[in-house]
Each structure stands twice: as structure tokens, then as C-alpha cells.
Amino acid sequence: MPSTDMVHTTPYRGRFAPSPTGPLHFGSLVAALGSWLMARLADGEWWVRIEDLDPPREVAGAADAQLRTLTGFGLVPDGPVVRQSERHALYRAALDHLLASGQAFPCRCSRSDLAATNGIHRACCRSNTARAEAAIRLRVTDGSVVTFEDFLHGFVTQDVAADVGDVVLLRADGFWAYQLAVVVDDAEQGITHIVRGADLLDSTPRQILLQRALSLPTPTYAHLPLIVDAHGAKLSKSMAALPVDGDDPLPALRLAWRALGQHPGMLDSPGSVDRVLARAMIEFAPGLIPRKPIAFAALHNGSAVQDA
């Protein structure tokens, strides 16, 4: 049974942080609704941050479309929407601090150089394939083992040195790495609780290691179940990742409620989005949230969401 500390610690500030790579899909809606409900249950704040630091993957107009969709679902942030593309100075200051303290270093190893170690960087190699442009990595020392307690998954331990290696902070193409940006943003925005998809559970230990290197606080984490297709693939990476409709939100909203393991009949009565969300705030039970991935087809077929 998860700890109740996730919802009773105050003051509480959560967030939802989509990437503008396309329309808001159902898996993202589940993460948005779950993080919003957790914040509301704790009488806390819920913010939205657009993570637009990877221009090659971004779709023009996607960020604004996602925000309109969230509004259609009644999920309106309590603070100004922040865009990572406007925060380069914050990331540069953090990187300069890590470089000056010797906790970060330039690396010109190519992907082919790291192939022999399954992409895990432990020491720079001298190779004819070395890149002209350097990436910047966090220096991860041997024995850098991180343990944290996730609200849903319990204690999680990772040997970051052995399993991940030196973490990229600035990519060789000049773009900021997700790990640095998310750590800096969460601290600067005062985020106390991070509720997101379980696909990021594996990234959390390296983010905690980076928080420690920058002397930043570590938020409380909860990683929600992924929504998968019939083959077990993450919904956002499958053909089933259809956008949700902010102009007709109630069907998808009720489906997302079921994906969070909540009693399906609680939101079946007719009414406006605001009325349905008000009922959801009253009936929401975090202890029912499943830990295992949930098949999208099972939700549509009316199958009960079960956990193991």
C-alpha cells in the first residue's frame, strides 16, 4: 500500500510537462489527470511546463494545441505556463557551476565508441571516430548508488555508475539534455511532487544524483502506469496514440479515470466537465492506482483495471 505522505505533505506544488511533438494523446491525458488529482487532493498547486528543448522533434503549433486541449478538459494550471526554450540562461548557469567544480566535463566520444559498453560512458576513449563537437557530461563516480521511495513502486535502487554511466547534460549538437533541464526547472519552480509516467522511473536516480551535485532539493515522486497497446508498446509510440478531443472531453476523461484504477461508475452521471472533475476530486483514491501497465484495448472493452 502506498504511503499517504504523497498527498498530505504541504505546501504541495505539482506539474505536468508535455513535449510539443504532436497532439496530446491519451497516455499524456492520464499523466495530466493523475498529477492534477494528486495536487487537488493535497489542496496544492498544479503547474504546466512545455518541454520544448528538442527542435528537431517538435511540431509547429503543437504546444499551443496541447494547452487548448488541457483547457478543454478543465485542467487549467495555477501558475503561468513555462516554456523551457525561454530558460537557457538557467541551464547555462547550472552547467557552468558543475564545470567549475569539476563535476562535469567535455566528452567527444561517438556512439560507435560507446557501442562496446552498451552506450554506458565510464571514461573518454581516444578514437579516430571522436566527434569534433563535445558533449558535456556529469561525472558519475564508481559506487554512485541512488535509492528513493516512489509513491507507487516503493523503494527503487539504481547503480547509476554501472547502469547509466556519465550523464549527458549538454548534447554535442548544442541542445540541452532533458536530465539537466528538468532538474533545474523543478527546483527553480519550487516543484515538491512529481507525478508522471512510469517510463521515466529509470531516469529518476540520475536526476536525484544531479540534484545532489547542484545542492537542490529532491521532490517526492510517483510514477503512474503506462498505457500500452496490444503488443505491450507504450501508447505514445504506437499507432494507437490517437489525439484526445478537447471539444468532446468527457469520454476520454472517464477513460483516463478508469486507467488510474478508480471506480468507473463514479463519473458516469451526465454533467459539464467542471462538474465531473469536482466529483473526481471527491472520489479520487490514490491507493487504487495500479502499478502495472494498462492495455488501452482493455479500457475500451470495459475490463476492470487490476494490479499485481
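Contact here means heavy atoms within 4.5 Å. Helices (H or I, at least four residues) and strands (E, at least two) are DSSP runs, numbered from the N terminus. This is a predicted model, in which local features need pLDDT of at least 70 and side-chain atom pairs count only at pLDDT 80 or more, while totals for chains, interfaces and linings use all residues. Residues are numbered from 1 along each chain as its sequence is written, and side-chain values use heavy atoms, with hydrogens and water left out.

To start with the overall picture, the protein has 11 helices and 12 strands. Of its 308 residues, 49% are buried, where buried means under 20% relative accessible area, exposed over 50%, and partly exposed in between (1.4 Å probe, protein chains only). Among contacts between residues at least 6 apart in sequence, 75% join residues at least 24 apart.

Strand 1 runs parallel to strand 2 (residues 45-50), and 4 bridges join the two. Phe16 stands opposite Val48 in strand 2.

Which residues of helix 3 are buried? They are Ala62, Ala63, Gln66, Leu67, Thr69 and Leu70. Seen down the axis of helix 3, these buried residues fall within an arc of 160 degrees, so they line one face of the helix; the arc is that of the directions from the helix axis to the C-beta atoms. Their cover includes strand 1, helix 2, strand 2 and strand 3. Just after helix 3, Gly74 takes a positive phi of about 80 degrees.

Helix 4 (residues 88-100) can be looked at in a similar way. Its 13 residues should span 18 Å at 1.5 Å a residue, and its end C-alpha atoms are 18 Å apart, which agrees; the expected span is 1.5 Å times one less than the number of residues. Tyr91, Ala94, Leu95 and Leu98 are the buried residues of helix 4. They fall within an arc of 95 degrees seen down the helix axis, so they line one face. On the other side of helix 4, Ala89 and Ala100 are exposed. Among the elements covering the buried residues of helix 4 are strand 4 (104-107), strand 5 (135-138) and helix 7 (178-188).

Then there are the nonpolar cores, each a set of buried Ala, Val, Leu, Ile, Met, Phe, Trp, Tyr and Cys residues joined through side-chain atoms within 4.5 Å. The largest has 47 residues, and those with the most contacts inside it are Phe26, Leu33 and Leu75. Helix 2 gives the most to this core, with 10 residues. Leaving aside neighbours within four places in sequence, Leu75 is in contact with Leu29, Ala32, Leu33, Trp36, Trp46, Leu70 and Leu277. A second, separate core of 33 residues includes Leu138, Ala161, Leu169 and Val184.

Note on methods
Pairing = 2+ DSSP bridges.
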